[in-house]
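This briefing goes through one protein model, topic by topic. Please look over the sequence and the structure before reading on.

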Amino acid sequence: LVVSGASISGLALGPLVPLLLETYGWRGALLLLAAVSFNLVAAGALLRPLPLPAEPPGPPKDRPGLVRLLRHGPFLRYALAFVLVDAGYYVPFVHGE
């Protein structure tokens, strides 16, 4: 389920990218694709570690939230996997036309 979005987006972006290139040019098309990708930041922000039962609710007092997130193993593995997937998967959309 986690990576099925890549397949669905591949099906949707295949015909969409040439249409965007014809309509907006390569700069506009890349800007629109970047805006769509930027929306994933909100989804990634939801992948923060859950508070432990002994901790009071609210932000942690010992470390800032970003430092705590960057030390969370499952988040780091998830982020690294998608960096590697996007590094090779995005290339056909950019250079395919």
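The model is predicted, and the protein has an average pLDDT of 76. Its secondary structure consists of five helices and zero strands. Of its 97 residues, 11% count as buried.

**Confidence**
- A pLDDT of at least 70 is reached by 66% of the residues.
- Confidence is highest in helix α1 (residues 4–38), where the mean is 84.
- Helix α5 (residues 91–95) has the lowest confidence, with a mean of 61.

**Overall build**
- Read from the N terminus, the order of elements is α-α-α-α-α.
- Among contacts with a separation of 6 or more, 51% are between residues 24 or more positions apart.

**Nonpolar core**
- Which residues form the largest nonpolar core? There are five of them: L13, V17, L20, A29 and L33.
- In soluble globular proteins, nonpolar side chains tend to be buried together.
- When neighbours within four places in sequence are left aside, L20 touches G25, A29, L32 and L33.
- Of these contacts of L20, A29 and L33 are also members of the core.

**Surface**
- The protein exposes about 7,700 Å², and 72% of this area comes from carbon and sulfur atoms.
- L66, L70 and L76 make a nonpolar surface patch of about 280 Å².
- One of these patch residues, L76, sits in helix α4 (residues 73–89).
- Is L76 buried, exposed or partly exposed? L76 counts as partly exposed because its relative accessibility is 37%, which falls between the 20% limit for buried and the 50% limit for exposed.

**A45 and F75**
- A45 belongs to helix α2 (residues 40–45).
- With a relative accessibility of 44%, A45 is likewise classed as partly exposed.
- Along the chain, A45 and F75 are 30 residues apart, and their C-alpha atoms are separated by 10.0 Å.

How values were computed:
Residues numbered from 1 in each chain as written. Predicted model: local features only at pLDDT ≥ 70, side-chain atom pairs only at ≥ 80, totals over all residues. Heavy atoms only, no water. Core = buried A, V, L, I, M, F, W, Y, C linked by side-chain atoms within 4.5 Å. Buried < 20%, exposed > 50% of the residue type's maximum accessible area, 1.4 Å probe, protein only. Contact = heavy atoms within 4.5 Å. pLDDT = per-residue confidence, 0-100. Helix = DSSP H or I, 4+ residues; strand = E, 2+ residues; numbered from the N terminus. Patch = residues over 30% accessible without salt bridge, like charges linked within 9 Å, V, L, I, M, F, W, Y side chains within 5 Å. Areas by Shrake-Rupley, 256 points an atom, 1.4 Å probe, with all protein chains shown as cover. Salt bridge = Lys/Arg side-chain N within 4 Å of Asp/Glu carboxyl O.
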